[in-house]
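Student: I have not seen this structure before. Could you take me through it?
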Amino acid sequence: MPDLERLAVEHAARAAEGPHGRSAHLVLHDGVLRQTVIALTAGTALDEHTPPTAGSVQVLRGRVSLTIAGRRVELSTGALEPVPQERHGLVAHVDSVVLLTAVTA
C-alpha cells in the first residue's frame, strides 16, 4: 500500500509548483472503488461537479470546504465527510491535501 503521508508531501509540492495550484494521484483502483490524493494550494478550487455513486473526503492536511448549493461545510485536518449526493465543489482555505474515496458504479 502507498504511504499517504509521503504522497501528501509530494503532491503538495507539485501543486505549489504547478500553474493551476493542484496535483492529484490515483492511489487505489479496485473495480468500482477509487481513492485519489488531491493537493490544492490556498484559494484553489475544484469546480462544481456531479457526485459519484458514493464517496467520502478525508482531510490529510490543511482546511477545505465542500461547497453545496450555495453553502459550505468546512473541514480541517483529520475530518472525514461523506460526499454529498448533489452537485458540489471543493475549495482550499490553506494549502491542503485530501483523500477522495469514490464508488463509481
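Predicted model: local features only at pLDDT ≥ 70, side-chain atom pairs only at ≥ 80, totals over all residues.

Tutor: Residues are numbered from 1 along each chain as its sequence is written, and side-chain values use heavy atoms, with hydrogens and water left out.

Student: How many helices and strands does the chain have?

Tutor: The chain has 1 helix and 9 strands. Helices (H or I, at least four residues) and strands (E, at least two) are DSSP runs, numbered from the N terminus. In sequence order the pattern is α-β-β-β-β-β-β-β-β-β.

Student: Why does the chain count as compact as a globular protein of that length?

Tutor: Its radius of gyration is 13 Å, close to the 13 Å that the globule rule gives for 105 residues, so the chain is as compact as a globular protein of that length. The radius is taken over C-alpha atoms, and the rule is 2.2 Å times the number of residues to the power 0.38.

Student: What percentage of the residues count as buried?

Tutor: Of the 105 residues, 37% count as buried. Buried means under 20% relative accessible area, exposed over 50%, and partly exposed in between (1.4 Å probe, protein chains only).

Student: Now the helix. Which residues of α1 are buried?

Tutor: Leu 7, Ala 8, His 11 and Ala 15 are buried in α1. Seen down the helix axis, the buried residues of α1 fall within an arc of 100 degrees, so they line one face of the helix. That arc is of the directions from the helix axis to the C-beta atoms.

Student: What covers those buried residues?

Tutor: The cover includes β1 (22-30), β2 (33-40), β4 (54-61) and β9 (96-103). On the face turned away from the buried side, α1 carries the exposed residues Ala 16 and Glu 17.

Student: Which residue caps the N-terminal end of α1?

Tutor: Asp 3 does: one of its side-chain oxygens lies 3.0 Å from the backbone nitrogen of Glu 5.

Student: Changing topic, where is Ala 69?

Tutor: Ala 69 is in the loop between β5 (63-68) and β6 (71-76). Its phi is near 50 degrees, a positive value in a residue other than glycine.

Student: Is Ala 69 buried or exposed?

Tutor: Ala 69 counts as exposed, because its relative accessibility is 61%.

Notes: Contact = heavy atoms within 4.5 Å. Polar contact = N/O pair within 3.5 Å; in protein donor to acceptor, adjacent residues only side chain to side chain.
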